[in-house]
Amino acid sequence: MRVFDCLSGSCTRPSCDGCIFRPVRSLRIALKSRAIEKSDETADAPVGSWERSEPVTPIQRPTPQKEASSKKRKRLLAPREEIAWFPVIKPELCNGCGDCKVLCKPGVFELGEPDPAGIHRPKLIVAHPYNCLVLCNRCVPICTSGAIILPPKEEFEKYIEYID
Ligand code: SF4
Ligand code: SF4
């Protein structure tokens, strides 16, 4: 059933253009986005730039409301290009649904070449690996095909300094 293929992201049509199930795709992305936002509320903030030379902002006492949503502030201890934290896509598992590209705010993913022998639509590639936020792992649950892998977090904690 195509509607379930769309909802699961496993549709094999080359493109969503003109498809009557486009609202289903929007619903799928909205559901994933909401699930990710919920998990973000409890996670520490990831780190995206090398900030060591910047002065540390004095700690301000948070209001009760802020305290509930506050995350540990961190900064990188090395230039971003020296930290190999970024995802890898297993092409044999990627179905080209595009959800990772839609939901990764720093723009790490781009469409690859169309695959005429396979699913016809482009699979995704990691085009801008150093845009990836260190210790972020939001795209792993986004990809329900299990095509996205990240290195072990523990190996990258050494690049992070906790500010408060
Ligand atoms: S990597 Fe996963 S989320 Fe991204 S397009 Fe491929 S199957 Fe979809
Ligand atoms: S971990 Fe995934 S979602 Fe997070 S910034 Fe990197 S590529 Fe984007």
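This is a predicted model: local features need pLDDT of at least 70, side-chain atom pairs count only at pLDDT 80 or more; totals for chains, interfaces and linings use all residues.

A: A residue is taken to be near a molecule if its C-beta atom, placed from the backbone, lies within 6 Å of it. By that rule 15 residues surround ligand 1, and the closest are Cys-94, Cys-97, Cys-100, Cys-143 and Ser-145.

Q: OK, how does the shell around ligand 1 divide into nonpolar, polar and charged?
A: It divides into 9 nonpolar, 5 polar and 1 charged, where Ala, Val, Leu, Ile, Met, Phe, Trp, Tyr, Cys and Pro count as nonpolar, Asp, Glu, Lys and Arg as charged, and the others, Gly among them, as polar.

Q: And which residues surround ligand 2?
A: They are Pro-87, Cys-104, Pro-106, Val-108, Cys-132, Leu-133, Cys-136, Asn-137, Arg-138 and Cys-139, and this shell has 8 nonpolar residues, 1 polar and 1 charged.

Q: Switching topic, where is Leu-135 found?
A: Leu-135 is in the loop between strand S4 (124-126) and helix H5 (139-142), with helices (H or I, at least four residues) and strands (E, at least two) being DSSP runs numbered from the N terminus. Although Leu-135 is not a glycine, it has a positive phi of about 75°.

Q: Why does Leu-135 count as buried?
A: Because Leu-135 has 20 C-beta neighbours inside 10 Å; the rule is that a residue is buried with 20 or more other C-beta atoms within 10 Å of its own, exposed with 12 or fewer, and partly exposed in between, with C-beta atoms placed from the backbone.

Q: Then what about Leu-77, where is that?
A: Leu-77 is in the loop between strand S1 (74-76) and strand S2 (88-89), and it counts as partly exposed because it has 15 C-beta neighbours inside 10 Å. The C-alpha atoms of Leu-77 and Glu-161 are separated by 6.6 Å, with the two residues 84 apart along the chain.

Q: Last one, how many helices and strands are there?
A: The chain has 5 helices and 6 strands, and from the N terminus on they run α-α-α-β-β-α-β-β-α-β-β. Of its 164 residues, 20% count as buried.

Methods:
Residues are numbered from 1 along each chain as its sequence is written. Chains are lettered from A and ligands numbered from 1 in the order in which they are written.
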